Amino acid sequence: MKKLILPLLLTSFIISCSQKEKADLIITNSITYTVNNNFDKAESFAIKDGKFIAVGTNTEIQEKYTSTNIIDAKNKPIYPGFIDAHCHFYGLGLQQQKVNLVGTKSYDEVLQKLIDFQKKKNTLFITGRGWDQNDWEIKEFPTKDKLDKLFPSIPVAIRRIDGHAMLVNQVAIDLAGITIDSKIDGGEFIKKEGKLTGVLIDNAMNFIKAPQPNKAAQIQALKDAEKICFDLGLTTVDDAGLDKEVIELIDSLQKSGDLKMRIYAMISNNKENLDYYLNKGIIKTNRLNVRSVKVYADGALGSRGAALKDQYSDKKGHFGALVNSYENLQKLALRISNSKYQMNTHAIGDSANYVMLKTYNNVLKNKGDRRWRIEHAQIVDLKDFHHFKNILPSIQPTHATSDMYWAEDRVGSHRIKGAYAYNDLLKQYGKVALGTDFPIENVSPLYTYYAATIRKDLKGYPENGYQINNALTREDALRGMTIWNAYANFEESEKGSIEIGKVADFVILENDIITIEGNKIPKTKVRSTYINGERVANTN
């Protein structure tokens, strides 16, 4: 009789395994934040055909499922794949092919980087981005004089970090046909002592026509951006302003399997894009979603292009400006409201925010759930916060910790109370969408999370956090990087949380950002990133 025990146990094991459902991947021994309605935690989950099929305890999953691919998470934290609600994914990729001026501490350092770049690349038109005069000892716009001496025959055009100002040399000015008498609505040609300085603000930059990248360069840009984002835990990005040509290239690369990043594409506001997409309607695949229009209402605070109700505190008589006329913004909003598309408008200053909030609320009456977004919502008049009740704020927390050193100089002690007011905005709408605006800011969603919750820079300044009353809780900040961003994209039923039936996008981190000390958040490493249950980045 004893001889039968081993065969019986083996038979029982085989029958037990055969009764279990097969999964493509099982994760065990994790601290999984599902970010479902109850903000539940789980130990284990199973994936099949790119979707979560079960979420629960180790025992629950192991009793019902089997797989040849079981990963022991070793008690590491897991979160839904991070979503960036406002970035420039394609622009990030292109930036890898240009002069990177981020972090330069003086104009002379900018010039040296241009010299080094040109020695290496020997291009026919030098372009770059990232300078910020607010980080220099002399916090004034540069002039083109030194550029003209260094590059007397090669055009140079380098954008400020926010993308709303550009420094060009005389060669570029001549190619563009700009003169001392040139004028432009919604922009400015900065002058000094009756001469052009070479600094162009907002719409004035449209005069400069740098060579466009060829298809090979475009593809490389998209792949470069994807790798950077995957390594940092991003699984969906909302690209804030793309043209038809690039969107169609993205679609083709996704369908061929050469691009795996999920992209929510906001079309750039121009006639060709509007005529094509508004008539065609929403375009939706497993990885691409085209259903929104990116619009600019004003410029940036750093270059004093943000439209303010009252004059700038540090530049008397200057109010900034709308980069689109009030009449055009009204017509555009009405046109988009009669389509199925979402309108996502860049609004920095309190005047621009007021104009767009009133416009939105007027045209959306009786229009149902449209989820129109104000992108940035940076300076809001305290009297105007209630207008966000039906308008979704799409905000970028690292803007607060980048601008905090000089923002009050721009707007004064009273207006700053309505600036970078993320918790106050959350109280109005009940959700906020969080992004970075990269490459203006660092790509890392963990920096976003840190800035949203701790409100300090990477050196720990200020000691008690910047306007800490407007910090988000850690739970809400995680929602703002996952399920609320999925909601902002009309995708909450398919992603943004670790729940049965949703796509298996998730990220494994080294530390638990919900519980660790605040100063450790930005130092936390991404161990692995998964899309559809497939590992797309592994930084172990």
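Is W372 buried or exposed? In this predicted model, W372 is buried, with a relative accessible area of 0%. Its ring partner is Y360, and the two make an edge-to-face aromatic pair, with 5.0 Å from centre to centre and 80 degrees between the planes. A search of the whole structure turns up 15 aromatic pairs. The Y360–W372 pair ties together distant parts of the chain: Y360 belongs to helix 11 (residues 350-363), while W372 sits in the loop between helix 11 and strand 22 (373-376), 12 residues apart. Y360 counts as buried too, because its relative accessibility is 0%, against a cut-off of under 20%.

Elsewhere, ring pairs join Y33, F39, Y79 and F82 into a cluster. Rings also meet charges. Y487 has R371 lying over its face, 3.8 Å from the ring centre. The charged end of K431 also sits over the ring of Y487, at 4.5 Å from the centre.

Now to the helices. Helix 8 (residues 244-256) has 13 residues, and at 1.5 Å a residue these should span 18 Å; the end C-alpha atoms do lie 18 Å apart, so expectation and model agree. Buried along helix 8 are K244, V246, I247, L249, I250, D251, L253 and Q254, a list that takes in K244 and D251 as well as V246 and I247. These buried residues pack against several elements: helix 3 (89-95), helix 7 (215-231) and helix 9 (271-280), along with strand 17 (234-242), strand 18 (262-268) and strand 20 (288-296).

Helix 14 (residues 422-429) buries Y422, N423, L425, L426 and Y429. Those residues cover an arc of only 155 degrees around the axis, so they end up on the same side of helix 14. What do the buried residues of helix 14 pack against? Their partners are strand 23 (392-395), helix 12 (397-403), helix 16 (474-481) and helix 17 (483-488). Just after helix 14, G430 takes a positive phi of about 90 degrees.

N134 is placed in the loop between strand 12 (126-131) and helix 5 (145-150). Leaving aside residues up to four places away in sequence, N134 touches K139, R160, G302, W406 and R410. With R410 there is also a polar contact, side chain to side chain, at 3.2 Å.

A157, in contrast, is placed in strand 13 (residues 156-160). A157 is buried as well, at a relative accessible area of 5%. With residues up to four places away in sequence again set aside, A157 touches F125, I126, T127, G128, M166, L167, V168 and I208. A157 and A210 are 53 residues apart in sequence, yet 7.9 Å apart in space, C-alpha to C-alpha.

Which peptide bonds are cis? One of them runs from F438 to P439, with omega near 10 degrees, and another from Y461 to P462, with omega near -10 degrees. P439 is found in the loop between strand 24 (433-434) and helix 15 (445-453), whereas P462 lies in the loop between helix 15 and helix 16.

The loop that holds P439 also holds D437. D437 is not a glycine, but has a positive phi of about 70 degrees. At 5% relative accessibility, D437 counts as buried. A377 is another non-glycine residue with a positive phi, in this case about 45 degrees. The place of A377 is in the loop between strand 22 and strand 23, and its relative accessible area of 1% makes A377 buried.

Conventions:
Residues numbered from 1 in each chain as written. Heavy atoms only, no water. Helix = DSSP H or I, 4+ residues; strand = E, 2+ residues; numbered from the N terminus. Polar contact = N/O pair within 3.5 Å; in protein donor to acceptor, adjacent residues only side chain to side chain. Contact = heavy atoms within 4.5 Å. Expected span 1.5 Å × (residues − 1). Buried < 20%, exposed > 50% of the residue type's maximum accessible area, 1.4 Å probe, protein only. Arc of directions from axis to C-beta. Phe/Tyr/Trp six-rings, centres within 6.5 Å; stacked < 30°, edge-to-face > 60°. Lys NZ or Arg CZ within 6 Å of the ring centre and 35° of its normal.
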